[in-house]
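Please consult the sequence and the model shown below alongside the text.

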Amino acid sequence: MLATSSLSANSSRIFILLSLTFGALDAMANSNTLPLFDSPEQELPSKGRRVAGGKPSTDLVFSSYVADNSVVFPKILELHVPKGSLVADVTFGMGVFWKHVPAENYRLLLSDIDAKSNYSDRLGVPIDTHVDSRNLPYDDGSIDALVFDPPYMEGLYRPHQDHLAGSGTHAAFRRHYSNGKSTTSGPKWHDAVVDMYMKSGREAYRVLKKNGTMIVKCQDEVSANTQRLTHVEIISAYEKLGFYTKDLFVVLRNNKAGVSRLMKQEHARKNHSYFLVFKKTQSRVSSVVDPRFYLEAAPDQPKKAPSRAK
């Protein structure tokens, strides 16, 4: 009799607990504060759990384009330079890069060592002339982003004006990519190109804010029948200056390149150029690889000569 009474009491307690539990769950299900069960539309991540977001898209900025610089440059700005940034274009030239960039998107400082004009009608911004990219008139850490597009062919750094590249029917090329004046001091040939990039890169690092962006235009070339990979030279040197190489864009020519006199071709004809994007930020990753890190044997492992096939 005692056991039967105890069992009945326990059953009553279980019934009361179940009633309270289902009542609470029913109240939660009828409220809008928390779903009763997880659903694909609404999932509460647990602590430390990452939830994938976003949506499928092909509307992306890509790393290579068959297009003009004026088409590619706005895409680079869209990806790497927030609107409203203070941007210094220190080699503005004829302003081709900015052809399709809305004037209201950025605060601009335009300059060139020998400006074609003193004002950009389309952008509504004055252009300062006689501003050397190697000695800029800006304070340390004052610029959000800097654009640099110097003459990148050694033929435009000759000591005599009549020896400059882009003569005769190529005069338009010289007019767009240089001031048409001779270079009477400093290194010669391709080293003059590298010298311009190095000194201007050091100055850009000075005036850029922390995490500032530098956009560099360049092209590889064959100088004195020797391959010079300018974009590799720039990347390796700028990373030693303290930059992080964040992005690289390849721009392919729309037309077919040719030469005026061909005897024997030794190297592939260059029909592409680069936009390089650097950040003034510390990075543990470098594009310059030290082969010793991979090739030297560990201290406890003896070095062995590679086997040869018999």
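Helices (H or I, at least four residues) and strands (E, at least two) are DSSP runs, numbered from the N terminus. On that basis, the chain has 6 helices and 11 strands. The model is predicted, so local features need pLDDT of at least 70 and side-chain atom pairs count only at pLDDT 80 or more, while totals for chains, interfaces and linings use all residues. Residues are numbered from 1 along each chain as its sequence is written, and side-chain values use heavy atoms, with hydrogens and water left out.

**Overall chain**
- Of the 310 residues, 34% count as buried (under 20% relative accessible area, 1.4 Å probe, protein chains only).
- Where contact means heavy atoms within 4.5 Å, 65% of the contacts between residues at least 6 apart in sequence join residues at least 24 apart.

**Helices α4 and α5**
- Helix α4 (residues 190-207) packs against helix α5 (residues 230-241) at an angle of about 35 degrees, their axes lying 10 Å apart; axes are lines fitted to C-alpha atoms over the stretch in contact, and angles run from 0 to 180 degrees between N-to-C directions.
- The residues of α4 that meet α5 include Val194, Tyr197, Met198 and Tyr205, and those on the α5 side include Ile234, Ala237, Tyr238 and Leu241.

**Helix α2**
- The 12 residues of helix α2 (residues 69-80) should span 16 Å at 1.5 Å a residue, and the end C-alpha atoms are 16 Å apart, which agrees; the expected span is 1.5 Å times one less than the number of residues.
- Buried residues of α2 include Val72, Phe73, Ile76 and Leu77.

Methods. Buried < 20%, exposed > 50% of the residue type's maximum accessible area, 1.4 Å probe, protein only.
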